[in-house]
Amino acid sequence: MTNLPQFSRALLHPRYWGTWFGIGLLYAITLLPYPVIYRIGCGLGHLAMRFMKRRVRITRRNIELAFPHVTPEKREYYLVKNFESVGMGLMETGMAWFWPTWRIQRWCDVSGVDQIHAVQEAKRGVLLIGIHFLTLELGARMFGMNTPGIGVYRPNDNPLLDWLQTWGRMRSNKSMIDRKDLKGMIRALKQGEIIWYAPDHDYGPRGSVFVPFFGVDEAATTTGTYTLARMSGAAIVPMVPRRKPDGKGYELIILPAEFSPPLETPEGTAIWMNKIIEQCIMMAPEQYMWLHRRFKTRPEGVPSRY
């Protein structure tokens, strides 16, 4: 398993004081009543649109590519609501890391846990498809409170944030594993563990195939799902953590398990997986991480979409 970061006195060095201030401010906000946090988060998202011009362009372009048949007015609605979710995503990260269990239970509903139990009773590992919704940190905490598993993560370049995110995620999960540790993931799945895995982003040309995703015919899609499921025999279980309208809380929806995913070819698995991801995103399209350049990787010699 990955060697997880530990707290050390070096993290108190003056170079990290600015980060500590930001952490303290986020913690203080999470102490407020949730309706107040909701208004702050949405307001922060609107403010972000003024300063994150590049990310606004990327988000607008992604929505345009993904939904070519949607009206311009609807796309603009998605754009604005998405940046509200960006602001809320920061608040929800603090909530996931700092809120006590009872407070999360008060504002969050969970359904479909029996899907996980069914897989575990069959003595199989669970490849938990945790799509990049902006609620993902809170979703992981909600899931772990019910059925703890192992999170897949990318170590943060800032040692303080690397320690903090690991500390926060370990509040309701067994362990964390580096996303590059493929052998470790397979080993854990064979042992019947739950591995949180996100195959929905563009991870570059290596280990990817070009298959349809929403309105894009050639979207670079990881072959990791094919490799992990084929070598471990794990069942695939998607989950959707979504924010309820008007600041009414959250729901975590665990979808039916797939015990026999199509594993004939990497391309076939990727096409199948993308269809499931599309279905999940459409359960809360404005809450998906559209500011990521999802369609950046192109076949050699093909111009950029951005």
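1. Arginine 60 has a relative accessible area of 38% and counts as partly exposed; by the convention adopted here, buried means under 20% relative accessible area, exposed over 50%, and partly exposed in between, with a 1.4 Å probe and protein chains only. Its salt-bridge partner is glutamate 76, with the closest N and O atoms 3.0 Å apart. A salt bridge requires a side-chain nitrogen of Lys or Arg within 4 Å of a carboxyl oxygen of Asp or Glu. Arginine 60 belongs to helix H3 (residues 53-66) and glutamate 76 to helix H4 (residues 72-98), so the pair ties together parts 16 residues apart in sequence. Glutamate 76 is likewise partly exposed, at 34% relative accessibility.

2. On provenance, this is a predicted model, in which local features need pLDDT of at least 70 and side-chain atom pairs count only at pLDDT 80 or more, while totals for chains, interfaces and linings use all residues. Residues are numbered from 1 along each chain as its sequence is written, and side-chain values use heavy atoms, with hydrogens and water left out.

3. Helix H3 has 14 residues and reaches 20 Å from its first C-alpha to its last, close to the 20 Å expected at 1.5 Å a residue. The expected span is 1.5 Å times one less than the number of residues. Helices (H or I, at least four residues) and strands (E, at least two) are DSSP runs, numbered from the N terminus. The buried residues of H3 are Val56, Ile58, Thr59, Asn62, Ile63, Leu65 and Ala66. They pack against helix H2 (34-51), H4 and strand E7 (216-222), where contact means heavy atoms within 4.5 Å.

4. Threonine 59, in helix H3, is buried with a relative accessible area of 0%. Leaving aside residues up to four places away in sequence, threonine 59 touches Leu79, Asn82, Phe83, Trp290 and Leu291.

5. The model contains 8 salt bridges. One of them joins glutamate 84 to lysine 81, at 2.9 Å from N to O. Both residues lie in helix H4, 3 residues apart, about one turn of the helix. An α-helix has 3.6 residues a turn, so residues three or four places apart point the same way. Glutamate 84 is buried at 13% relative accessibility, whereas lysine 81 is partly exposed at 26%.

6. Glutamate 193 and lysine 174 form a salt bridge whose closest N and O atoms are 2.9 Å apart. This pair links distant parts of the chain, 19 residues apart: glutamate 193 is in the loop between helix H9 (182-190) and strand E5 (194-197), and lysine 174 is in the loop between H8 and strand E4 (175-178). Glutamate 193 counts as buried at 18% relative accessibility, while lysine 174 is partly exposed at 48%.

7. The count of aromatic pairs is 18. Tryptophan 20 and tryptophan 163 form a tilted pair, 6.5 Å centre to centre with 50° between the planes. Tryptophan 20 lies in helix H1 (residues 17-30) and tryptophan 163 in helix H8 (residues 159-169), so that distant parts of the chain, 143 residues apart, are linked. For such pairs, the rings of Phe, Tyr and Trp (its six-membered ring) must have centres within 6.5 Å; planes under 30 degrees apart count as stacked, over 60 as edge-to-face and the rest as tilted. Tryptophan 20 is partly exposed at 27% relative accessible area, and tryptophan 163 is buried at 16%.

8. Phe67, Tyr77, Tyr78, Phe133, Phe213, Phe214, Tyr288, Trp290 and Phe295 form one aromatic cluster. Arginine 294 lies over the face of phenylalanine 213, at 4.7 Å from the ring centre. The charged end of arginine 293 sits over the ring of tyrosine 306, 5.8 Å from its centre. A charge is taken to sit over a ring if NZ of Lys or CZ of Arg is within 6 Å of the ring centre and within 35 degrees of the ring normal.

9. In the model, the end C-alpha atoms of residues 132-137 lie 9 Å apart, and the span is 33% helix and 0% strand.

10. Threonine 147 lies in the loop between helix H7 (136-146) and strand E3 (150-153). At 6% relative accessibility, threonine 147 is buried. Its contacts, not counting residues up to four places away in sequence, are Val113, Ile116, His117 and Ile194.
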